[in-house]
Amino acid sequence: MPEYYANSIEGENKRLEQAATVVRTYMEGRVCLAPIDLQRSNLKVLDSAANNGFWLSQLQAVLGDPESATLIGTDIEEERFPNPPRPGITMQIQDIHKPWPKSWNSTFNFVHQTLVLFQTGSKQRDAINSLARLVKPGGWIELMEPQYGEVGDADGLAHRQFLNMLSELWAVRGTKSDFAAGLEGMVQDCGFVDVRSVLLPVGAGPRTRKAAMYNISVETTVGGGKNIVKAGKLIPGGLKCISPEDFETWPARFEEELRTQGAFFPLRVVYGRKPDGLTNGKQNGFH
């Protein structure tokens, strides 16, 4: 299975921008939950899995001194990066499974990462440890990942099929559907303190928090569904959790259900601070 199964770079850029806009309504308009002093000068921020740098541009817009900030976004494909580049934002190729530049160790005031750890399977802890090394003492890390639990009777049929297909696809990578529930402990194991965990009840369609988000919440979720369909077609013999007939009609049924009934797609946000005296040694989860 490929590392990423988006239908198109342009379409995925739009989908993720829409998703970030919807999620921000559940964060009271904030771009992050970690208590970073955004008014200070000379902030150095990393956004891992930055896609086209949209989140960094949103952060840049609320900084007190954006001219002095160092804003770096990384992702696995240069095709994702904006052309021309966004002013004041540097984009660089980086695979979260591979070593980060050693010169970046303990240099960032804030390290942010969204919607990518589900790709890492059994290597989630290693990926978090690698990110933690980049945070300078006194700096913060923030991770955001989907957290799905048991399929409930209150969920519509198409939504239940979405959750089952996602669970089967993630299992191929060794990822459990509720893996995000363990992120808080992993960040604590890195030696971070003031660790907080928040579950955002992100909704789509009629279940979104703000009526103005109705259409884009559906559009971004439908876009994610298209990625699932593409991934499902790559499974030899097809997905086992859904019949070929239901799989064929699922996209249209999913969109209709989202528009009429809506659905919830919870997101887990975990953030924590690296203590002033913590260095990147073998203790406290670093190795």
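**View 1. Strand 6 and strand 9 pair in the antiparallel sense, over six bridges.** Welcome to a predicted model, in which local features need pLDDT of at least 70 and side-chain atom pairs count only at pLDDT 80 or more, while totals for chains, interfaces and linings use all residues. Residues are numbered from 1 along each chain as its sequence is written, and side-chain values use heavy atoms, with hydrogens and water left out. Strands here (E, at least two residues) and helices (H or I, at least four residues) are DSSP runs, numbered from the N terminus. Two strands pair if DSSP finds at least two bridges between them. To find your way into this pairing, look for Leu-200, whose bridge partner in strand 9 is Leu-267. Strand 6 covers residues 193–200, and strand 9 covers residues 267–273.

**View 2. Strand 9 also pairs with strand 5.** Strand 5 (residues 135–146) runs antiparallel to strand 9, and seven bridges join them. A handy landmark is Ile-141, which stands opposite Gly-272 in strand 9. Is strand 9 mostly covered or mostly open? Mostly covered: six of its seven residues are buried. Buried means under 20% relative accessible area, exposed means over 50%, and partly exposed is in between (1.4 Å probe, protein chains only).

**View 3. Strand 2 pairs with strand 1 and with strand 3.** Strand 1 (residues 44–48) and strand 2 are parallel and share five bridges. Asp-47 has Gly-73 of strand 2 as its bridge partner.

**View 4. A right-handed β-α-β unit is made by strand 1, helix 2 and strand 2.** Right-handed describes a crossover in which, with the strands pointing away from the viewer, the path from the first strand over the helix to the second runs clockwise. Helix 2 spans residues 54–62 and holds Ser-57. What does Ser-57 touch, leaving aside residues up to four places away in sequence? Its contacts (heavy atoms within 4.5 Å) are Arg-86 and Ile-89. Ser-57 counts as buried, at 15% relative accessibility.

**View 5. A cis peptide bond leads from Asn-83 to Pro-84.** The omega angle of this bond is near 10 degrees. Pro-84 sits in the loop between strand 2 (70–75) and strand 3 (89–93).

**View 6. Leu-115 and Asp-194 both have a positive phi.** For Leu-115 the value is about 55 degrees, although this residue is not a glycine. You will find Leu-115 in the loop between strand 4 (108–114) and helix 3 (124–134), and it counts as partly exposed at 31% relative accessibility. Asp-194, another residue other than glycine, has a phi near 50 degrees. Asp-194 belongs to strand 6 and is partly exposed, with a relative accessible area of 35%.

**View 7. Cys-190 is in no disulfide.** How many disulfides (pairs of cysteine sulfur atoms within 2.5 Å) does the structure hold? The count is zero. For Cys-190, the nearest cysteine sulfur is that of Cys-32, 19 Å away. Cys-190 is buried, with a relative accessible area of 1%, whereas Cys-241 is partly exposed at 34%.

**View 8. Glu-248 is an exposed residue of helix 7.** The helix covers residues 244–260, and the relative accessible area of Glu-248 is 63%. Glu-248 and Leu-200 are 48 residues apart along the chain, and their C-alpha atoms are separated by 31 Å.

**View 9. Stepping back, the protein has seven helices and nine strands.** Its radius of gyration (taken over C-alpha atoms) is 19 Å, close to the 19 Å from the globule rule (2.2 Å times the number of residues to the power 0.38) for 287 residues, so the protein is as compact as a globular protein of that length. The C-alpha trace spans about 55 × 40 × 35 Å along its principal axes. Of the 287 residues, 51% count as buried. Among contacts between residues at least 6 apart in sequence, 79% join residues at least 24 apart.

Technical notes
A disulfide is a pair of cysteine sulfur atoms within 2.5 Å.
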